[in-house]
Amino acid sequence: MLKGEEIMKTKITNPIIKSIYTADPAPMVLGDTLYLYTTHDEDELVNNFYTMYDWRCFSTKDMVNWTDHGKIFSLDDIQWAEDRAWAPQCIERNGKFYIYCPVQKKGGGMAIAVGISDSPTGPFKDLGEPLVDEGDWNDIDPTVYIDDDGQAYLYFGNPELRYVLLNEDMISYDETVGIVKVPMTEESFGKGSHDTGTSYGEGPWFYKRNGIYYMMYSAFGVDAKNEHLAYSTSDSPTGPWKYGGVLMEEGDCFTIHGGIVDFKGRSYLFYHTADLPGGNLFNRSVCVAEFTYNEDGSIDTVEKADSIEAIE
């Protein structure tokens, strides 16, 4: 259809963001709009490693026509951080927006920063100190969810899965409970080749749908060379978890990082590949596939998609 002089697209081919390298997609639905937060792989690498300095935001009302909101938060905004602007997730509470981001501390390991804004597209202002800082390298890839009773949970971690109970202010957590380490068992996360002996690797994505709690994550199968996506379920937000199976098979890129959302009656799985021209394990690109749940809430393995149709 026409909108002024612009021809609106009815289909988009993957990767959906073609102007820059993006990874670690984190979708958030607000009203009739889906906001997609990503990391940004720089074109030029430093020391042939992940070179990532800022976080980006894109939005859509139909899954095909996207608005680029540019850089919304960066390492320059976090005075205590020096490197590694890695996988974020954003959430709204009480009219404020909170983006949780793993960064490398100056002279230290990884910690979780919080950016705060009055708008989903920023700009975000740093809390001023780490929310979670265990003095190690485990504190990466935060995923956040507010349950029906108002309790907010922040899961994170590589190689272990851990969580904290966020306070209502979303910028502190219940220190009487502290940082909880989830038991890393094969029953919960399947047999795999990562450090714990399970398939769980990193990149958790935590949410609830129809009374079932889901934990999607980047996983390593036995003898695997690259990550795939897997998931586990529970009837409680804190487990115990039960391994559900492979959600998306490994591809040519070493990492894969997922985000799941329901939008306008459809379910979408976001992930990243190295499919843009010049792409590699350090220059990745965000993609999306539509999928459906089975009646019991289980999810069959989702195929990588070539394209996505617009929602009318």
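D118 is exposed in this predicted model, with a relative accessibility of 57%, where exposed denotes over 50% relative accessible area, buried under 20%, and partly exposed the range in between, as found with a 1.4 Å probe on protein chains only. Residues are numbered from 1 along each chain as its sequence is written, and side-chain values rest on heavy atoms, with hydrogens and water left out. Since the model is predicted, local features need pLDDT of at least 70 and side-chain atom pairs count only at pLDDT 80 or more, whereas totals for chains, interfaces and linings use all residues.

The partner of D118 in a salt bridge is K96, with the closest N and O atoms 2.6 Å apart; a salt bridge is taken as a side-chain nitrogen of Lys or Arg within 4 Å of a carboxyl oxygen of Asp or Glu. Distant parts of the chain are linked by this pair, as K96 belongs to strand β10 (residues 96-105) and D118 to the loop between β11 (110-117) and β12 (125-126), 22 residues apart. Strands (E, at least two residues) and helices (H or I, at least four) are DSSP runs numbered from the N terminus. K96 is partly exposed, at 34% relative accessibility.

Strand β10 also holds K105, which forms a salt bridge with D133, again with the closest N and O atoms 2.6 Å apart. D133 lies in the loop between β12 and β13 (143-146), so that the pair ties together parts that are 28 residues apart in sequence. Both residues are partly exposed, D133 with a relative accessible area of 35% and K105 with one of 24%.

The number of salt bridges in the model comes to 14.

The strands are considered next. Strands of a sheet pair through backbone hydrogen bonds, either parallel or antiparallel. Two strands are counted as paired if DSSP finds at least two bridges between them. Strand β5 takes part in an open sheet of four strands, in the order β4-β5-β6-β7, with antiparallel pairing. At the edges stand β4 (21-30) and β7 (66-74), each with a single partner strand, so one side of each is left without a neighbour in the sheet. Six bridges join strand β6 (residues 54-60) to β7, and F58 stands opposite D68 in β7. Another open sheet consists of three strands in the order β21-β22-β23, likewise with antiparallel pairing. Seven bridges join β22 to β23, and S267 has F291 in β23 as its bridge partner.

The largest nonpolar core has 57 residues, and those with the most contacts inside it are Y37, Y155, L247, I260, L269, Y271 and I299; such a core is a set of buried Ala, Val, Leu, Ile, Met, Phe, Trp, Tyr and Cys residues joined through side-chain atoms within 4.5 Å. Strand β18 (residues 212-219) supplies the largest share of this core, six residues. With contact meaning heavy atoms within 4.5 Å, and with residues up to four places away in sequence not counted, the residues touched by I260 include W205, M216, L247, L269 and F291. A second, separate core of 19 residues includes I12, I20, V288 and I308.

The structure holds 21 aromatic pairs, defined by rings of Phe, Tyr and Trp (its six-membered ring) whose centres lie within 6.5 Å, with planes under 30 degrees apart counted as stacked, over 60 as edge-to-face and the rest as tilted. Y155 and Y163 form a tilted pair, 5.0 Å centre to centre and with 45° between the planes; Y155 is buried at 0% relative accessibility, and Y163 is buried at 10%. Y214 and Y293 form an edge-to-face pair, 5.7 Å centre to centre and with 65° between the planes, and both of these residues are buried. Y214 lies in strand β18 and Y293 in the loop between β23 and β24 (307-309), 79 residues apart. One aromatic cluster is formed by Y145, Y153, Y155, Y163, F206, Y213 and W241.
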